[in-house]
Amino acid sequence: MTGALLTSRLSAWLVSDPIERPRVVRRYAQLVVAQGLAHGMVDTTDDLAGVAVWYSRPVPPPPSAAWMYDLHRVLGVHAARFGLLHAYVDALHPYTAHHYLAHLAVTPGRRQAGVGAALLARHHRLLDAEQLPSYAEVSTDRPREGLLAGLGYEPRSPILLQPGGPALWRMWRQPVRPGQPDEAAGDGLPRRVRAERTAMPFRGAVRLAASPRSP
């Protein structure tokens with residue numbers, strides 16, 4: 001998990017100091033896995049080369065403030081930017097019942113697409129059986145390419161992290177129905193979203209601008 005986070009374009013935005021970054025990201029990765037084990041579902045490959053952290057979201061997620069105590073306890077002065085990320089993600093989460101792929105990590109240097117696809121296959125079969133969609137965010141310039149796109153996830157409008165952060169593309173997968181094509185409508189996602197920071201997180205407000213949701 002640490003290696004995957006460090007190779008993500010998010011890591012430099014989350015921790016600007018390259019010397020501090022590996023230590024801080026490792027502590028965050030440990031917290032992510034611990035939270036997944038306590039409150040969600042954590043899948044791994046037999047050789048631990050890949051890990052996926054899932055959460056069931058029958059209703060919108062709890063406020064990001066639920067993370068604040070642990071983030072400050074674990075990350076200290078670096079907690080603010082991580083808290084801002086969680087605030088953005090939680091505020092713009094789909095309101096339709098789904099499973100949330102919060103984190104997917106494959107050991108750098110491995111056959112990432114093959115390991116990642118195999119890791120997600122079992123969970124996708126469970127979701128298809130229950131006819132539940134799934135949702136994830138991915139930081140990329142080409143949301144219609146890559147692992148998730150190849151597994152049926154369609155991009156929706158991105159979250160634009162401010163100040164100066166990368167775009168997080170929101171990815172939505174409709175459950176597969178035997179004999180029917182995948183559906184892209186009815187996912188409960190607003191079509192255009194831009195999030196901007198107006199104050200330091202948790203001491204001020206996060207202003208969200210979104211177009212009205214389609215009926």
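Guide: Rings of Phe, Tyr and Trp (its six-membered ring) pair if their centres lie within 6.5 Å; planes under 30 degrees apart count as stacked, over 60 as edge-to-face and the rest as tilted. The model here is predicted, so local features need pLDDT of at least 70 and side-chain atom pairs count only at pLDDT 80 or more, while totals for chains, interfaces and linings use all residues. Residues are numbered from 1 along each chain as its sequence is written, and side-chain values use heavy atoms, with hydrogens and water left out.

Visitor: Which residues form one aromatic cluster?

Guide: A search of the whole structure finds three aromatic pairs. One aromatic cluster is formed by Tyr100, Tyr135 and Trp172.

Visitor: Is the aromatic pair of Tyr28 and Phe82 stacked, edge-to-face or tilted?

Guide: The ring centres of Tyr28 and Phe82 are 4.6 Å apart. Their planes make an angle of 45°, and the pair counts as tilted.

Visitor: How many residues apart in sequence are the parts that this pair ties together?

Guide: Helices (H or I, at least four residues) and strands (E, at least two) are DSSP runs, numbered from the N terminus. Tyr28 lies in helix α3 (residues 21-39) and Phe82 in helix α5 (residues 79-91). The pair therefore ties together parts whose separation in sequence is 54 residues.

Visitor: Are Tyr28 and Phe82 buried or exposed?

Guide: Buried means under 20% relative accessible area, exposed over 50%, and partly exposed in between (1.4 Å probe, protein chains only). By that rule, both Tyr28 and Phe82 are buried.

Visitor: What is the relative accessibility of Leu48?

Guide: Leu48 is in the loop between β1 (41-44) and β2 (50-57). Leu48 is not a glycine, yet its phi is positive, about 60°. Leu48 counts as exposed because its relative accessibility is 61%.

Visitor: Where is Gln131?

Guide: Gln131 is another residue other than glycine with a positive phi, near 55°. Gln131 counts as partly exposed because its relative accessibility is 31%. Its place is in the loop between α6 (112-130) and β4 (134-138).

Visitor: Which ring does the charged end of Arg81 sit over?

Guide: A charge sits over a ring if NZ of Lys or CZ of Arg is within 6 Å of the ring centre and within 35 degrees of the ring normal. The charged end of Arg81 is 4.6 Å from the centre of the ring of Trp13.
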